[in-house]
Amino acid sequence: MKERKHLIHDYLRSTKGFPHIWCPGCGIGVLLGALIRAIDSDGYGKDDIVLISGIGCSGRLPTYVDFNTLHTTHGRALTFATGIKLANPSLKVIAVMGDGDATAIGGNHFIHSARRNVGITSIVINNNTYGMTGGQFSPTTPFGLKTSSSPYGNLESAFDICGLAREAGAAFVARSTVYHARLLEKMIGMALNKEGFSVVEVISNCTTYFGREIGLASPVEMMKWQRDKSVTVEKAQELQEEDLKQKMVIGVLVDRKVPAYHELYQDLIGKCGLNEDEV
Amino acid sequence: MTKEKRNDRILLQGNEACVRGALMAGCRFYAGYPITPATEIMEHMSRQLPKVGGVFIQMEDEIASLGAVIGASLAGLKSMTATSGPGFSLMQEHISFACMAEVPCVIVNVMRGGPSTGLPTLPSQGDVMQARWGAHGDHPIIALCPSSVYEFFDLTIKAFNLSEKYRIPVVLLTDEVVAHMRESVTLPPREKLVIEERRKPSVPPEWYVPYDDKQIDVPPMPAFGEGYRYHVTGLAHDIRGYPTTRSDEVGHLIHRLFSKITRDFHLLQWFDSYQTEDSVVTIVAYGSVARSALHAVKEARETGLKVGLVKLKVLWPFMRQTVVRFLESSAKVLIPEMNMGQLSREVKRVNQGRCEIVTLNKANGTMLSPKEILQSIEDIYP
């Protein structure tokens, strides 16, 4: 059989021992593939990419790929990303987070990063649960669901991550699922090309915990669930409000021109004029 | 004329002197959150940094501030933040990260009265132990403590130097009095200053091993974007920077994090002594309390009491070598502090019966006055 080399092999670290830590059937691998294809087709050099993560299953993602990589603290990936982007605006800064990571412990950083509009591409992998710690309910777990920390049913309502990003002021907001891998790649590509703060919410499947909790115990079933529940932005416009409530809208949700903080700051430095003697 | 004038004496506030020192040390990134009594540092930074091509950002909280500082440092800029007790508590998570990932940064804590919101506008020395043990996990830390406006300037530069040299977060532990006090100072010309820069790799990227310690136990550190693509993590890691749970690799890492500081304990004995040659009672003090103590020593000497003062400029690592010398030469050691007894615990720990130790503690938001210290000297003088 003829040996076939995959694009992803050019980006995986030769020095890092595999296997990775993700469960069989986990959606994070699909996201990683889409991310690498998007970076490759946009023509970024490996040295120009800084890939940052928080804590959780998604936190391990940068470890495996050959960029400048940074595995930070729980929920704080965007704070480190902000420092890096402002210190060197020529770098392409990408932050990968989970749903609990970005919207629970990191919720404050998430909304303020969106408001501030520093040029960071943030990818929120939403698997509706805390996977690494064993399936506790997260800010995106549906109301009423029994999980390992809500044995009598979840009493909290779920966040709409894209809605949160939109209202906080992000320049670009999109959603895809790991089932729609090609759309995901396209959404990430568009987000990478955006100057301000961009958010791509990736609906992923945690088969090990969330799948079991909702009665879909195989990756294929969960992928089908993603397919059936999703509706594109274009199709969504034709649906009645009641029907839409049962669906997840995928595609570009927000794309607007907002001044990026790091550009405003570079303008400010220019206006001040370099004056080492004054200080 | 103007050049000479610049070297003349100028009236500076402590917090402003800190900013001057930081900028002269090469600080080009500041992230912070407003908090009394440290806010002036942030305000001066917001004005000065863009003038030198540096970046200032006001973050959403202190956790985010130190996160951004660590990020900017990884991208190659000397970076700092400043806060007070409540903000310092929030920063502990990232101090721990910076220790583990070995990212240079400087954190100023202008101590105010606590616990909790406590006394925002009043002085204290209540965070001495928090600076040492506030962050989770077993880690070394360096904390410096100025007692005058000039020392605040000088120790800020030294804080950056130590941070770059050892790849470790350095805490500048000062108090509200030193931060808000105005003194007339003469700043040294830039060319007279010793400024340390972090060591960069001398090998090509394909040979670079991020935490390899065969040559030196503080591994070289490139900036993100310089072609050395490596992994940084708060997880225990092997010499390549990748997560590991192998006990030999983890043990080696933790040991090195400590030994890179412990091997240089003798270089971190920074103190001033006053009339300690024949002192029967020696005062060990730091920060603004050392000023009151100096006054008390002078008055005591006028009445014929043999009293001396040791002013510590490094609080962590604790200057055992220095302090033991005075424990051996004195009959009694007096430790006045604006807390309920924090550094005195360290002095007692290393004393081991050498002399009698007396503490003088005050934690009500007012300074320890020379009179109070003098009274204590008279009470205990043998």
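The dialogue below treats the meeting of two chains.

Guide: This is a predicted model, in which local features need pLDDT of at least 70 and side-chain atom pairs count only at pLDDT 80 or more, while totals for chains, interfaces and linings use all residues. Residues are numbered from 1 along each chain as its sequence is written, with chains lettered from A and ligands numbered from 1 in the order in which they are written.

Visitor: How many residues of chain A are in contact with chain B?

Guide: Contact requires C-beta atoms, placed from the backbone, to lie within 7 Å. By that criterion, 39 residues of chain A meet 40 residues of chain B. H2(A) gives the largest share of chain A's side, eight residues. Helices here are DSSP runs (H or I, at least four residues), strands likewise (E, at least two), numbered from the N terminus.

Visitor: How are two packed helices described?

Guide: One states the angle between their axes and the distance between the axes. Axes are lines fitted to C-alpha atoms, for helices over the stretch in contact, and angles run from 0 to 180 degrees between N-to-C directions. Helix H2 (residues 77-87) of chain A and helix H4 (residues 62-74) of chain B have axes that come within 6 Å and cross at roughly 45 degrees. The contact includes Phe80(A) and Ile84(A) from H2(A), and Gly67(B) and Ile70(B) from H4(B).

How values were computed
Two residues are in contact if their C-beta atoms, placed from the backbone, lie within 7 Å.
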